[in-house]
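Student: I would like to learn how to read salt bridges in a model. Could you take me through them one at a time?

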Amino acid sequence: MASDIVFVIALMGVVSAVWGALAIPRLRRRLPKIYLIARSWWFMLAALFGCYAIAKIADRHAELLTSRYPYQWLLIGFFVLIGLRGGYEIKRIWCLPSRARLIHKLQSRGLQPSVTPTSSADHTASPTTPNYTRPTGLDGLLSTAFVALIVSLIALQQLTWQREQYGVLLFVLFASQFNDIAQYLCGRLLGHRLFSRGLAPRISPNKSIEGAVFGSMCAALLASLLGVWLTGFEWWLCLLAAYGLAVSGIAGDLLESAFKRQHGIKDTGTMLAGHGGVLDRIDSLLIGVPIFTVLYWLLG
């Protein structure tokens, strides 16, 4: 069995075991948010890996390499759906009435403070005011990064399929996404024990320097080990790529946090329990994946 399929099955098994353990009533009462995060992770990975497994079904009678996998469109469609949903979340935040409804929804679920003094995002549009906010430079930067991400995911999938290096796509996604988990765990264990100041207190007060430093290191080490197995690259190249994805993941997270703080919202949606919206989940991919895709295209 191919290494990428083994990885998919093993990761789904681990996430299923974690979700099952957290579903025990005593643990679920003690760690309700972690339970919701694990549940959302399971559904997200099931959707991604389901599309990936079907996309890997080959047509043995095809002569051209580009036509060997007739179901590639399913994985591309998955990335397009992410793009459409993320675009909707951005548009909803720009639209004053929609943003007001989102804030009310977040407040009803205890995910948004009742008062956001640093923003006028809770103001609804009146007949004398425009329905949409005027986009700022930060809005343009986030939107550009998001569009570049969706294009890069599709391009990376096509490149890895053409070069028959299927595990590269999984390596990039795992290295970027696991960094979030590693930062969270290291932040909970070591946060503010070495540095009293946070990583970016004005943008994301809950992020600690310890979580960023040790989380990115742990994520890079684990991802590089898996990268050697999944990609066949040299170990030092996997480590360099994994650490670059981890650090850029922090930058992407802060970019999205600044965007949300500018508009006075805590989450871009409620679609993914424990995470928020699609943008909240893929923010760690915003910068690293486009850069990796360009380098992989030029140097691969």
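**Salt bridges and burial**

Tutor: Let us begin with burial: Asp4 is buried, at a relative accessible area of 3%, where buried means under 20% relative accessible area, exposed over 50% and partly exposed in between, using a 1.4 Å probe and protein chains only. The model is predicted, so local features need pLDDT of at least 70 and side-chain atom pairs count only at pLDDT 80 or more, whereas totals for chains, interfaces and linings use all residues. Residues are numbered from 1 along each chain as its sequence is written, and side-chain values use heavy atoms, with hydrogens and water left out.

Student: How many salt bridges are there?

Tutor: A salt bridge is a side-chain nitrogen of Lys or Arg within 4 Å of a carboxyl oxygen of Asp or Glu, and by this rule there are six.

Student: Which residue forms a salt bridge with Asp4?

Tutor: The partner is Lys56, with 2.8 Å between the closest N and O atoms. Asp4 belongs to helix 1 and Lys56 to the loop between helix 3 and helix 4, 52 residues apart, helices (H or I, at least four residues) and strands (E, at least two) being DSSP runs numbered from the N terminus. Lys56 also counts as buried, at 14% relative accessibility.

Student: Where do Asp253 and Lys207 lie?

Tutor: Their side chains meet in a salt bridge at 2.6 Å, N to O. Asp253 lies in helix 9 and Lys207 in strand 2, so the pair ties together parts 46 residues apart in sequence.

Student: Are Lys260 and Glu256 buried or exposed?

Tutor: Both are buried, and they form a salt bridge whose closest N and O atoms are 3.6 Å apart. Shared partners join Glu256, Lys260 and Asp280 into one network of salt bridges.
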